[in-house]
Amino acid sequence: MLSPQTPETKPVKLSVRNMDFRYGEKKVLDGLSLDIHAERVTAIIGPSGCGKSTFLKCFNRIHEVSSAVKVSGDMQIDGVDIYRGGIDEVDLRRRVGMVFQKPNPFPKSIYENVAFGPRLFGMKDKATLDGIVEDALRKSALWDEVKDRLKESATGMSGGQQQRLCIARALAVNPEVLLMDEPCSALDPIATAKIEELIVELKENLTIVIVTHNMQQAARVSDYTAFFWLGKLIEMDLTERIFTTPRERMTEDYLTGRFG
Amino acid sequence: MPDAPDSLLEAPPCASDPAQESLVLESLPKEPAFRHSRLQRLADRWSHLLFLACGLLVVALIGGILYFLAARGVGAFMPLAGNTDKILTLKEVFLSTDWDPNSGKFGILPFIAGSLSVTGLALLIAAPAGILTGVFIAKLAPGWMKTLMRQVMDLLVGIPSVVYGIFGLMVVLPWVSGKWLSDSPAAGFAVSAAILAVMIVPTIVSLSTDAFESLPLTLEEGSQALGSTRWQAIWHVLIPAARPRLLTATVLGLGRAIGEAMAIQMVIGNNPQWIALMRQSTDQTPILRFLFTPAATLTTELVQELPNTAAGSTWNNLLFAMGLLLYLMTMLIILATRRLGRQRNA
Ligand SMILES: Nc1ncnc2c1ncn2[C@@H]1O[C@H](COP(=O)(O)OP(=O)(O)OP(=O)(O)O)[C@@H](O)[C@H]1O
Ligand SMILES: [Mg+2]
């Protein structure tokens, strides 16, 4: 984990400036500015309904599938504007993967779920696909449980298994950024520990933004932590500083559970 | 003990037993805020019986029709009381294409093949068209168009088939004949199937729109989050996910198509010897001959000849047997498709 003594060496991967976000007329995010560094884990924390999921979805523009939204301000990936730059949303989503708050496996077999992304990009070779599927399932700590029933439908799995399948599905396309919305909320402690190990492992070559309600988890896996409240960024800093010496009174209250 | 209570439910807690009283007091508020009146309970019991009776009535009706068709139908194959007419073998009926009742030829293969051909062709047109329209309405159309198209489809479902038949007869037949066939008659499978397809498309559209709208949005999000385009999400995720219900939509269309008589009868040409005629003629490619030779189906022959044959005659009995066959074919197709849907879905 990054500590206050070592200077940041990684470049900025995602940058957000003066970003407002509206569902229709309803303003949900208000004047956000922050940077997310490459190959670091950034945790987003804050009370329910403060806009964490919404914020995450801005990075892959996935809310455009279902809602009429308005985004103003700037959001960039590697210096290219996500909304007005030369990048279209399909290319963007190939680079920025997402694990949703609620698991959403396709009603297909376990294998087909993981192979879905690679197949989209034209991967046909059976042996390579098998390799990708196995690798992704191993990383998401699911392989041992499902290796003998890859042909079975994913909708018959438990909620926690489905969530890990969704993680595998996202990893199979090899994204540059991984957005994870409470990936462990349905997992038992063992699977949670494995996913946390995975996150630490993945950041070797991946940028990770994770929303979590579990403060210990944020403290364990993240390099940076951002605290949101009512659609505003209250404070963002190195995780170590946020959890030991936060600048804002509000952050401290939230972390110590004295929030009201 | 004064008045015995009518039912246990109404019985007051027994005052002589203090232990039981306190138990009742703990578990129930003293005066229940809401209580079913006796009338309501009576109505409840009666409505239960009513539903049961309706259910039984439907079953009895279906069984009755089946029995009626079978009882008359077997008359063609075995001597019934008072029947002095010709007795047929199963082979000369089901395995022969030779239909000429006046000289004792009763092969019904042309009708079976006719029914299957026209239904198959109609589905070939209607299923893809209906499902794609369903996708369009559910996923791509703007709000106002969605409402409009849904209402139009619901209206179209209710149009009586004779109307389609008249339209086919007065408009489509002359048009096809004049435009494509240098004025030779256009009656046959092509126009029949087209009319039939138009008839069943609204049913398929309606049901497949429902199928797509009932899919959770999270599926589409999941697909697009992996970098699929909107169309890829539709093809590779939404259509497979909706498949069981799309199959049901198609089967319901099929059910309507295979049993349809009025509309087709007006445009098919009603020619039981169509197989022979098709074989003889050589003026066009086989596929065109197949599409434009006047033909007949089980249903068209039924409505055509049932009023013209004497009750109890072999011909008449055979028509009932054909009715039974139609009934069984429909059942079989529905059961087979159900099973198929379940397997695919597993
Ligand atoms: N599709 C939508 N249309 C309109 N409003 C929405 C939509 N999705 C979310 N909102 C609103 O936006 C606000 C932020 O929601 P969001 O889901 O981002 O919160 P969150 O921080 O992720 O909460 P939680 O911790 O409970 O997941 C809420 O007030 C919510 O009601
Ligand atoms: Mg959320």
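**Close-up views of a predicted model**

**View 1. Chain A as a whole.** A compact globule of 260 residues would have a radius of gyration near 18 Å, and chain A agrees because its value is 18 Å. That radius is taken over C-alpha atoms, and the globule rule is 2.2 Å times the number of residues to the power 0.38. This is a predicted model: local features need pLDDT of at least 70, side-chain atom pairs count only at pLDDT 80 or more, and totals for chains, interfaces and linings use all residues. Residues are numbered from 1 along each chain as its sequence is written, chains are lettered from A and ligands numbered from 1 in the order in which they are written, and side-chain values use heavy atoms, with hydrogens and water left out.

Chain A holds 10 helices and 10 strands. These are DSSP runs numbered from the N terminus: helices are H or I with at least four residues, strands are E with at least two. Along the principal axes, the C-alpha atoms fill a box of roughly 55 × 40 × 35 Å. Of the 260 residues in chain A, 54% are buried. Buried means under 20% relative accessible area, exposed over 50%, and partly exposed in between (1.4 Å probe, protein chains only).

**View 2. An open sheet in chain A.** Four strands line up in the order β2-β1-β4-β5, with antiparallel pairing. The edges belong to β2 (26–37) and β5 (80–81); each has a single partner strand, so one side of each lacks a neighbour in the sheet. Two strands pair if DSSP finds at least two bridges between them. Strands of a sheet pair through backbone hydrogen bonds.

**View 3. Strand β1 and its partners.** Strand β1(A) spans residues 12–23 and is joined to β2(A) by 8 bridges. Here V12(A) stands opposite H37(A). Another 8 bridges join β1(A) to β4(A), residues 69–77. In that pairing, Y23(A) faces V69(A).

**View 4. The hairpin of β4 and β5.** In chain A, 2 bridges join β4(A) to β5(A). Q76(A) stands opposite D81(A). The hairpin has 2 residues between its strands, and D78(A) in the turn has a positive phi of about 50 degrees.

**View 5. Helix α8 of chain B.** After α8(B) comes G227(B), with a positive phi near 95 degrees.
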